[in-house]
Amino acid sequence: MKKPYNFNGLKVTSFESRRAIEIEKLILYHGGVPRVAPSMREVPISESKEALKFAKELIAGNFDLVILMTGVGTRALIKAVSTKFDIKNIKSALKKTTIVARGPKPVAALREMKLKANIVVPEPNTWRDILIALENETELKGKKVAVQEYGISNKEFISSLRKKGAKVTSVPIYKWALPEDIEPLKAAIQSISNSKEDIALFTSSQQIYHLFEVAGKIGYLKKLKQGLKSTVIGSIGPTTSETLNRVGITPDYEPDSPKMGNLIREVARIGAELVNKKRIALKNGVDTNIWRPVDMIWSKGSQKSRKAITNDSVFMKACRLEETDYTPVWLMRQAGRYMREYRELRSKVSFLELCKTPELAAEVTLRAVDRLNVDAAIIFADILLIVEPLGVGLEFSKGEGPRIKRPVRSGKAVDRIKDFDPESLKYVYDALKITRRALDPNKALIGFAGAPFTVASYMIEGGGSRNYENTKGLMYRDPGAWHMVMEKLSTATASYLNNQIKAGADVVQLFDSWVGCLSRDDYKEFVLPHMKKLISDIKSGTPVIHFGTGTAALLDLIKESGSQVIGLDWRVDLDKAWKQIGYDKAIQGNLDPVLLFSTPSEIRKRTKKIIDKAKGRPGFIFNLGHGILPKTPVDNVLALIDFVHEYTHK
Ligand code: CP3
């Protein structure tokens, strides 16, 4: 069994210079074989003409804004100017300007001088974030701005400031040169070129420029790029990733928080999987210098042989109540707002556009699987997409969730519901096709739909609800109309799911999130017949997961509905619920999603309790008891998934 957060002997190259020893130790600590090839030397301009000129103008009151880009640079700037000027004058002159700090490092440098930044740029501290922060706080037009720069001047940033009408003075404080001894760097280039390194870690943009500069000098530019195709690339943060993209290299991993420790720990966690995946892609003809998750090709074999592998996966076996080597795990709503990758995409397109663009929906689906290392993917979509072609009007407004424009509240309104044309949701099938092609055959792809009751409740209420007055109102007042809605939704949903299966879904889940508001009698009368019909209409051989919340009192009726797997919420004891349902059904659940806001040790403790309740019986799929919440810390999610795998491994 693989040790957690361990490179397990993978060869890891770093180009770090200032913190070379530290990174070597970190790689060793995480079980990697390090090669550290310092790629740069810091050249302080202690007699910098620019720095002295800046000091003179600063004291003369010529600047309105001073932007400090780095901590090291801020200290070097002060050191350089204090060779010629009284530090007191510098400080009081700085206090008269608006001091802008690009993140916590310049803030710390300022604090050492008992100075405070007026504007602190939020993470991830790219130059675009500086512009946004400035725009929110101040007018740039006509302002005199000094920018403490580091390394290569950021031309895009400077010209953007100028475009906004600022008069900009660049103050270069130190620059980077190649190290005096470039032999280690040459050796690293040769090793990567010969595909001898498994992982290359970049902790600054400058390292990339120097690596390519030296490779060019020794005639290895092409060979280096070729070698990088089979080497996993780790990038410390967005600026470094941007530089990698600019030189035609796609980073394979970037941590949420741009820290060396995070980069190494997180790449150690899934390094072996990343190396394996990248090399298979390369072998199958993918250009792994520049690639997207949807470009992945796992096998050039037939769909039939792919399906055979998936059917033999841990996840599919658990659905069929067969013994597995470990307990499979995935999380409801695993590809959502709590993930940086998702938020980045969502900042560019609306939620509905994202759902309706198959390549993007597939990308979101796949990124979550890669990042989390779960055993199944769930297609990115929503339970309410199906109501759009039914003609009731669907929108997702910011911060408020889904809205139905023409709620269905009478028999007449029920009659107006349009016939479902399954082709209207072709974009979901296309997303499934793309995802299935790019997804590891050892992982299952889950298609899904809302169960008729939950979807009906949105259609009738017009949005979320607390007491379901309109839904139950229609149900009691006009049972004929109610059954008509349920019938229309059940038929549409069966057809929708069968099309998802045709497109590549290996399993389908029905989300009946709100059905727990019903009494047993009402469930029997108003829901059960429709669920039975719906589930029996789903192509046989494809497991169905039937999930609901607040269903403790309904479990035997849910079993009667006929699915192979039953999803439990966190309110029930897993052992008691399973016993009540019967061991002829597989079970999925049931950690309280809010527990993910606690600590890794607390999460492990409570996860262990749940796993122990399953007593190693076949047919257990670990999951949360409801969808993951938007602000959940990703680190805790990773701790949960790793624990389930490690603890249950036989
Ligand atoms: O892994 C995944 O995220 C798969 C995709 C998925 C979404 N919704 C995406 C989504 C799945 C499986 C769902 C199911 C869903 N949608 C349910 C059932 C599960 C549950 O949590 O009970 C329900 C009730 C909905 C309806 C819905 N969609 C609501 C109430 C909301 C707004 C509030 C919320 O939870 O975000 C949505 C929007 C929605 N669906 C988002 C996502 C990622 C957020 C959209 C955004 O702002 O980017």
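**Notebook: patches, salt bridges and cysteines**

I began with Leu629, which lies in the loop between strand 19 (620-624) and helix 27 (634-648). The model is a predicted one, and I kept that in mind throughout.

Leu629 counts as partly exposed, because its relative accessibility is 32%.

**Leu596.** Next I looked up Leu596. This residue sits in the loop between strand 18 (586-591) and helix 26 (600-614). Is Leu596 buried or exposed? I found it buried, since its relative accessible area is 0% and the cut-off for buried is under 20%. I also checked Leu596 against Pro422, which is 174 residues away along the chain. Their C-alpha atoms are 37 Å apart.

**Positive patch.** I then turned to charge on the surface. Arg333, Arg337, Arg346 and Lys398 gather there in a positively charged patch. I placed Arg333 in the loop between helix 14 (314-319) and helix 15 (340-346). Arg333 is exposed, at 52% relative accessible area.

**Salt bridges.** How many salt bridges does the structure hold? I noted 44. Side chains of opposite charge can pair when their charged atoms come close.

- Lys426 and Asp430 meet through their side chains, 3.1 Å from N to O. Both belong to helix 19 (residues 426-438); they are 4 residues apart, so about one helical turn separates them. Lys426 is partly exposed, with a relative accessible area of 41%.
- Arg520 bridges to Asp556, with 2.8 Å between the closest N and O atoms. This pair links distant parts of the chain: Arg520 is in helix 23 (residues 520-537) and Asp556 in helix 24 (residues 555-561), 36 residues apart. Arg520 is partly exposed at 31%, and Asp556 is partly exposed at 29%.
- Asp573 and Lys576 form a salt bridge at 3.0 Å, N to O. Lys576 is exposed at 57% relative accessible area, whereas Asp573 is partly exposed at 31%.

I also traced a network of salt bridges. It links Glu254, Asp256, Glu266, Arg340, Glu341, Glu344 and Arg371.

**Cysteines.** Last, I searched the whole structure for disulfides and found 0. Cys319 counts as buried, at 4% relative accessibility. Cys355 is buried too, at 2%.

Note on methods
Residues are numbered from 1 along each chain as its sequence is written. This is a predicted model: local features need pLDDT of at least 70, side-chain atom pairs count only at pLDDT 80 or more; totals for chains, interfaces and linings use all residues. Side-chain values use heavy atoms; hydrogens and water are left out. Patches are made of residues with over 30% relative accessible area and no salt bridge: like charges are joined within 9 Å, nonpolar side chains (Val, Leu, Ile, Met, Phe, Trp, Tyr) within 5 Å. Accessible areas come from the Shrake-Rupley method with a 1.4 Å probe; for residues, only the protein chains shown count as cover. A salt bridge is a side-chain nitrogen of Lys or Arg within 4 Å of a carboxyl oxygen of Asp or Glu. Lys and Arg count as positive and Asp and Glu as negative; His and the chain ends are not counted. The place of a charge is taken as NZ of Lys, CZ of Arg, CG of Asp or CD of Glu. Helices (H or I, at least four residues) and strands (E, at least two) are DSSP runs, numbered from the N terminus. Buried means under 20% relative accessible area, exposed over 50%, partly exposed in between (1.4 Å probe, protein chains only). A disulfide is a pair of cysteine sulfur atoms within 2.5 Å.
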